[in-house]
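Me: I would like to go through this model by question and answer. Please show the sequence and structure before we start.

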Amino acid sequence: MATVDEIREDLLLLLSRSEDWLRELPDIPALAVDAGEIDEQVRHLRSQRGRALSSLLNVGLLGRQSSGKSFLISGLQKGLRYVRFEQQDGGFTEKYIGILPSSPTPTTVCPSTVTPVPADPDQPATGRGLLRVRFTDRPEAGWVEIGRDLPPGVIAAYGAADGDLANRLPEHYQRDVEQLELLIEDAVLPAKFFDLPGAESPNPAYENIMRKAWAEADCFLYVTQGTATLTANELGLVTDLYNHHLQTGKPVLWVLTGIDRANQLGNDNRPAWRSALETNNAYLRERFPESAGDGNAFIGNGFLAVSPAWEAQAALDEAEGSTRAAQRNRGNSRMDALRDQLTELINNGAGQNHLGRIAGEARRLVRRRHRAVADVLATHQVSVEELTSERAGLRQRLTDTEQSAERIRAELTEETNRRLRAAEQGFGDLAELFHRELDDVIDSGDLGLDHLADIRLRQTRLFTEWMNAPHGPATLWERDLTELDGRARALLRLELGGEESTSHLVEPAALDPGSLLTPLDDQHRLDFYGMVQATAAAVSVAGSVAGGAVWMMTSLSLASIAFPVGTVVAAGLTAAAGAKALKERKSVLERARDERRGQLDQQAEQARADFTRVAREQGQLLADAVAVHVDEHRQRLRGALQQIEERISAPDMASSRELVTRLEPVERAGRAVLDGLTDLEDLASGPTS
């Protein structure tokens with residue numbers, strides 16, 4: 001089977017051929033293409049080549065505040081530098097300088113991304129890279145470039161909670177940063193890293209960005225410090241991650257970082273970080289028992305202990321000629337082991353999937369241009385004797401198409417609504433299921449953090465299994481989507497086929513919902529449900545979406561509903577004192593249990609509302625794709641009719657023959673590029689070596 005490198009080499013060649021083919025089109029007047037649009041599309045293909053060369057894996061980093069996520073990213077890309085400063089008393093102080101700002105105190109104030117890019121002399125991103133940000137007051141303005149290879153203090157001023165705003169550009173002093181990105185040329189790993197704010201500091205303003213990052217990520221690193229162990233405060237985030245893993249199958253790598261800061265020996269003569277590692281692994285296996293022992297499941301092999309600091313020290317050791325110290329620090333850092341795991345993910349499918357998506361985007365772009373070439377060629381291959389009948393046929397088909405769009409949309413909308421009403425009925429017993437399985441669990445504990453986390457985890461599992469059961473709403477809606485997709489295609493064949501027409505030009509193309517939008521493109525400001533649409537478009541309207549990413553979103557929404565009960569109970573129990581303490585404690589706890597049981601009904605209703613909205617958006621996506629498809633077909637008909645009209649008004653067979661001679665090799669070359677891109681998509685989605 002083809003390797004990532006082999007697929008990438010073939011893709012780069014096809015993208016180059018696509019660019020060359022597009023550049024030919026403005027030189028053919030009969031095609032009437034806009035040279036500016038062609039230039040823009042060539043630039044887009046060139047950027048796709050850059051993606052193919054530089055980024056093959058999207059990695060989301062999660063964890064509590066100050067868990068070392070930013071520090072770890074700098075280390076993974078070997079952008080972490082260790083420096084010593086000698087002091088007058090003969091000692092020294094030390095500092096680590098990374099790509100992203102990092103600190104023992106809570107650091108990352110907004111979602112940050114480190115993205116590898118290919119070398120570009122026109123837009124260099126060497127050193128600490130090119131910094132760009134989005135501001136909350138004008139997110140529609142897109143990325144604002146701040147500068148290249150900037151001092152750490154400037155990057156911290158835009159992305160760190162303790163950054164000095166005086167290090168910003170003056171016009172940015174009073175502006176809040178929504179998102180930060182560093183583009184780097186000197187990346188060791190072809191991976192894009194999402195550094196997301198810590199678990200204890202959710203900011204509603206960042207929710208859309210974070211959900212988008214969850215959807216875009218191919219895998220996750222859950223990061224915790226070697227100086228601490230997992231707590232109940234983190235279990236909510238871990239449960240969301242578990243649910244996401246159940247729905248998508250995305251792997252999770254568990255990272256215990258900063259072991260250099262927990263290397264002192266305990267009473268058992270072992271480093272402290274080893275105790276933290278064993279405690280964390282036991283904590284996960286206790287709460288996610290069905291994953292234990294399965295190397296491909298949620299827990300996998302458990303936490304990997306690493307130290308970016310030791311690896312950075314090794315680089316300084318080498319520079320100072322301390323070869324043995326460098327080897328010791330590099331080996332103890334275990335950073336190469338983590339890189340190997342990420343590289344294995346690239347080689348085992350993630351890299352191929354990325355290349356396949358790039359090939360698909362390029363194929364859609366070239367296909368739209370190729371259809372125009374093929375249509376013009378076909379109109380000039382029509383004999384003079386057939387021009388009049390072709391014109392009449394095209395006019396009739398154009399009239400029919402105008403009427404078809406509304407008929408198809410109305411029928412699809414009606415059918416979607418009918419199926420939605422039937423699907424919604426399945427939620428009638430969800431609240432009863434929650435109560436049957438969870439009421440006793442709620443009544444059996446003190447509703448402290450651990451107890452609430454256990455309830456939440458049980459509810460997440462219960463809901464996920466119910467949604468994806470053989471007759472669960474997700475499973476049934478996946479079937480409905482498949483049937484709706486088939487119905488849409490049948491309607492298009494019937495309405496646009498033109499089988500009884502006197503014109504045989506402009507053969508209808510196959511419906512491709514994925515061409516409606518570019519999934520997760522930075523230019524699209526997607527809200528929560530817009531992102532669901534993008535996910536659907538990425539893998540077709542039907543397919544695995546209903547049983548995967550969409551229901552991950554719905555389940556995540558359910559699991560993430562706030563549970564204020566724990567705070568209420570803690571406050572009430574603390575206040576209860578004196579002679580009435582026992583009675584008050586019981587009263588507070590009973591009220592809290594009643595409140596938590598009441599939330600089950602609210603959550604069941606919220607799940608139904610989420611399902612309905614997401615499913616309706618999917619149906620709308622299909623209807624929109626059909627509308628765009630019909631509109632493109634209409635435009636093709638109008639273009640062919642115009643060509644026929646021009647030939648009738650000035651029947652110059654010599655010029656038509658000349659144009660046919662010119663266009664035939666162009667059409668063949670475009671078709672060959674399309675075939676190559678299609679084959680590569682199929683190859684990238686097949687088994688990997």
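Me: Which strands does helix 4 lie across, and at about what angle does helix 4 run to strand 7?
Reply: This is a predicted model. Helix 4 covers residues 152-159 and lies across strand 5 (130-135), strand 6 and strand 7 (177-184). Its angle to strand 7 is about 145°.

Me: Is valine 154 buried or exposed?
Reply: Valine 154 is found in helix 4. Its relative accessible area is 17%. Buried means under 20%, so valine 154 counts as buried.

Me: What distance separates the C-alpha atoms of valine 154 and leucine 131?
Reply: Along the chain, valine 154 and leucine 131 are 23 residues apart.

Me: What is the order of the strands in the open sheet, and which are the edge strands?
Reply: The open sheet has nine strands with mixed pairing, in the order 6-5-7-4-8-1-9-10-11. An edge strand pairs on one side only, and this holds for residues 144-148 and residues 303-305. These are strand 6 and strand 11.

Me: By how many degrees are neighbouring strands of this sheet turned against each other on average?
Reply: The average ignores direction. For neighbouring strands of this sheet the value is 25°.

Me: In strand 8, which residue is the bridge partner of leucine 57?
Reply: Strand 1 (residues 57-62) and strand 8 (residues 191-195) pair in the parallel sense, over five bridges. In strand 8, the partner of leucine 57 is alanine 191.

Me: Which strands does helix 6 touch, and at about what angle to strand 9?
Reply: Helix 6 (residues 232-248) packs on the sheet. There it touches strand 1, strand 9 (219-225) and strand 10 (252-257). The direction of helix 6 makes an angle with that of strand 9 of about 160°.

Me: Where is valine 506, and is it buried or exposed?
Reply: Valine 506 sits in the loop between helix 14 (473-496) and helix 15 (528-538). Not counting residues up to four places away in sequence, valine 506 touches Asp375, Leu394, Arg397, His633, Arg636, Leu637 and Ala640. Its C-alpha atom is separated by 8.6 Å from that of arginine 371, 135 residues apart along the chain. With a relative accessible area of 4%, valine 506 is buried.

Me: What percentage of the residues in the chain is buried?
Reply: The chain has 689 residues, with 19 helices and eleven strands. The buried residues make up 51%.

Notes
Residues numbered from 1 in each chain as written. Predicted model: local features only at pLDDT ≥ 70, side-chain atom pairs only at ≥ 80, totals over all residues. Heavy atoms only, no water. Pairing = 2+ DSSP bridges. Helix = DSSP H or I, 4+ residues; strand = E, 2+ residues; numbered from the N terminus. Axes fitted to C-alpha atoms, helices over the stretch in contact; angles between N-to-C directions. Contact = heavy atoms within 4.5 Å. Buried < 20%, exposed > 50% of the residue type's maximum accessible area, 1.4 Å probe, protein only.
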